[in-house]
Structures are given as C-alpha cells and as structure tokens.
Amino acid sequence: MTYADAGVSIHAGEQAVAMLKSKVKRTTRPEVLGDLGGFAGLFKLDMSKYKEPVLASSTDGVGTKLVIAQTMGIHDTVGIDLVAMVVDDLVACGAEPLFLLDYIACGEVVPDRISEIGAGIADGCRYAGCALLGGETAEHPGVMRPDEYDISGTGVGVVEHDAILGKHRVEVGDAVIAMRSSGLHSNGYSLVRHVLLGAGRMRLDTVFDEFGHQRTLGEELLTPTKIYARDCLDLMKEADLRALAHITGGGVPGNLSRVLPDNADAVVDRSTWRPQPIFDLVREKGRIDDPEMESTFNMGVGMIAIVAPADADRTLAFLAGRGIESWQLGEVVEGTGSVQMVGSHTRG
C-alpha cells in the first residue's frame, strides 16, 4: 500500500504549489524574506517606521458561498472573498495588512483547481497590498468528497498605538458614511441557498434582467467581495476617521454597534440608499421580514466609516475619487450604544 492508494497524492500537491509560485510572487513586499516552499514564511518588520507598533491579527473563511463555486466549477473568485474577509477586519482597527496565510482542505488535490483558488487568493492580496506569505493544502479523502473543498485564511497587520480606530474615538455628532458593497459579499449564503435553490427551486444558470448585462443567478451569487483596505488606510490620512465597521454577518445593526461607545447611538436612515436587486430577490422569494434581512445581510453596505462632522464632505469626495460609491448614512447621537434603523428603502 502507498499514500496514493489511500487517496493522498504528494505529487499533485507539489504540482499545485509549482503552478502557484508565479502568482504568489506578485504579492511580495520588501519585507518578505525567502521563497515559497519553506517551513514558515519570514517577514522582516521594519521597526524604524513605527514609534509604538501594535500587531493585529484576524482569521476567517468564506462559508457556504463555496458550495456555489463548487457547483458552477468556478474557483478563481472565492479566494478574493477570503482575503476581503480577513484584511477588512484588520483595517477596521486602523491596521495595515502585512501578510496572509491560507489553508485549503479538499477531498482530492486537483492541481488546476487548487491553482485557481490560490490565484484568487493572490489577486486579493495584491488588491489589499499584503503579501501571501505561505499556506497549506491538505487532502482529506474519505472525509470530503473529491470535488469538495474549504478555505480559510489568517492575516497579520500593524498599526501605531495612537492610531488605533474604535469606539474610544467616536463622539456625538459624528457623521456615519456608508461604502457600497459589491453584493452579498460572503455572508448569509446558507439562507440564500435555502431560499433560492432549495425551496425556490431556482437554477444557477437563470438569467435575471435586474442584475444587468445578462447576468445569471450563479454569476451574481459569485460576485467577489469588495476589498476596502487600501482605500480606508488612505482615508485615515485625508480625514479625521474615528472608526470603521466591516459589515459582515450581523448586518449593519450588528456590526456598527461594535464601534459605538456606551453613551452614543448611531441613527441609520434606510431612505438614503437602495439595496441591490439580489437582496429584493432573496427577501421576496423567502418572504423574509426586514429585521431578519438586516441582521443577516449587508443590504448593500460593505463598510462604514465614522468621521468627524466637519470631514463628512471631504470623506465623500475622497471615496468618490477612488471609485467607491458612498453616501452619508446617518449620524451619531446620544444613546446607549445601539443602532437605530429609521425610514424605509426605496423599492421598485
């Protein structure tokens, strides 16, 4: 008997790594030492650049959005989702993402498929400005189906101690600025699949005019998560940025409340924006009420910035110049650390 007889191919794993090397090299930073393939990734932090550096770390996955990718045989976008989930959590505290490590578990190592997944991760790292420092691909025959895989990532960033963002900076009167999401991002897919593909019996190749450009349901569901890290880091230099809230599971109410002090509420006016058509489709097909939608999905808002009131217009102009659709979502008022959702979305 051999390891291959048990379902694990060391050669296939080595082939997948070889196919990825050129992609990974494109994510390198000056601080990276060595090459892909070592036992550990090496990153030489230039301490002369910082007065009092604080390391930040975050880990995440993509969830059941992977089921859509595996069903459609499209594997080069979920890596971008993975990076977005990690680096935009890092930047929420003001940290610059430095490097990321990935982990891919699969039932069978198919080099082309692993290469596609890894290429997406490398693309996400380039967009975020961080290095893909290393990772692991694990073959789990008998535990996972040959076409099944799961991915996760861990990132490390750095921020000056006196530049850490958060609730300690937020004040009554601050402006709450929304940045448009690219769609569902990577949260709520268990509910989406149940509503649309299960009970709704919809096909992933169905074309919806509402999505534009003859996009299918599957293409819409696989839209990569927007990565805001670089834009938010640059925004810190342009405006008095008090806090950032990455809108993931829990939606606007659940995530914005995490950056509110105990003496303040955020008033969010729904009438200031219209969620993308995919949210209407899920709500209508599943007959889901608004509180459940808002506590599960981002509803069209991917990142929220809380800025000093005098810098609201400056922030909007800066984000517009970076090609990010943004608007004033509301304001910070006296309260108890809660989010007040008021008004109604425009629908039709």
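This is a predicted model: local features need pLDDT of at least 70, side-chain atom pairs count only at pLDDT 80 or more; totals for chains, interfaces and linings use all residues.

Me: OK. And what percentage of the residues count as buried?
Reply: 52% of the 348 residues in the chain.

Me: What about secondary structure, how many helices and strands does the chain have?
Reply: Eleven helices and twelve strands. The chain's radius of gyration is 21 Å, close to the 20 Å from the globule rule for 348 residues, so the chain is as compact as a globular protein of that length.

Me: What box do the C-alpha atoms fill?
Reply: Roughly 70 × 60 × 35 Å, taken along the principal axes.

Me: And of the contacts with a separation of 6 or more, what share comes from residues 24 or more positions apart?
Reply: 85% of them.

Me: Now helix α4. Is α4 mostly covered or mostly open?
Reply: Mostly covered: 14 of its 18 residues are buried.

Me: What span should α4 have, and what do its end C-alpha atoms give?
Reply: α4 runs over residues 111–128, and at 1.5 Å a residue its 18 residues should span 26 Å. The end C-alpha atoms are 25 Å apart, which agrees.

Me: What follows α4?
Reply: Gly129, and its phi is positive, near 80°.

Me: Electrostatics next. How many salt bridges turn up in the whole structure?
Reply: A search finds 19. As a reminder, side chains of opposite charge can pair when their charged atoms come close.

Me: Which residue does Arg215 pair with?
Reply: Glu220, with the closest N and O atoms 3.2 Å apart. Glu220 is buried because its relative accessible area is 11%, while Arg215, at 23% relative accessibility, counts as partly exposed.

Me: And Glu148, what does its side chain meet?
Reply: The side chain of Arg145, in a salt bridge at 3.8 Å, N to O. Glu148 has 24% relative accessibility, so it counts as partly exposed.

Me: What about Glu284, which residue is its salt-bridge partner?
Reply: Arg283, and the closest N and O atoms are 3.7 Å apart. Glu284 counts as exposed at 53% relative accessibility, whereas Arg283 is buried with a relative accessible area of 15%.

Me: Which residues do shared partners join into one network?
Reply: Glu171, Asp174, Asp240 and Arg242 are joined that way through salt bridges.

Me: Last one, Ser326. Where does Ser326 lie, and in which strand?
Reply: In strand β11, which covers residues 326–334. Ser326 counts as buried because its relative accessibility is 18%, under the 20% cut-off.

Me: What is Ser326 in contact with, leaving aside neighbours within four places in sequence?
Reply: Ile177, Ala178, Met179, Leu316 and Leu319.

Note on methods
Residues are numbered from 1 along each chain as its sequence is written. Side-chain values use heavy atoms; hydrogens and water are left out. Helices (H or I, at least four residues) and strands (E, at least two) are DSSP runs, numbered from the N terminus. The expected span of a helix is 1.5 Å times one less than its number of residues. Buried means under 20% relative accessible area, exposed over 50%, partly exposed in between (1.4 Å probe, protein chains only). A salt bridge is a side-chain nitrogen of Lys or Arg within 4 Å of a carboxyl oxygen of Asp or Glu. The radius of gyration is taken over C-alpha atoms; the globule rule is 2.2 Å times the number of residues to the power 0.38. Contact means heavy atoms within 4.5 Å.
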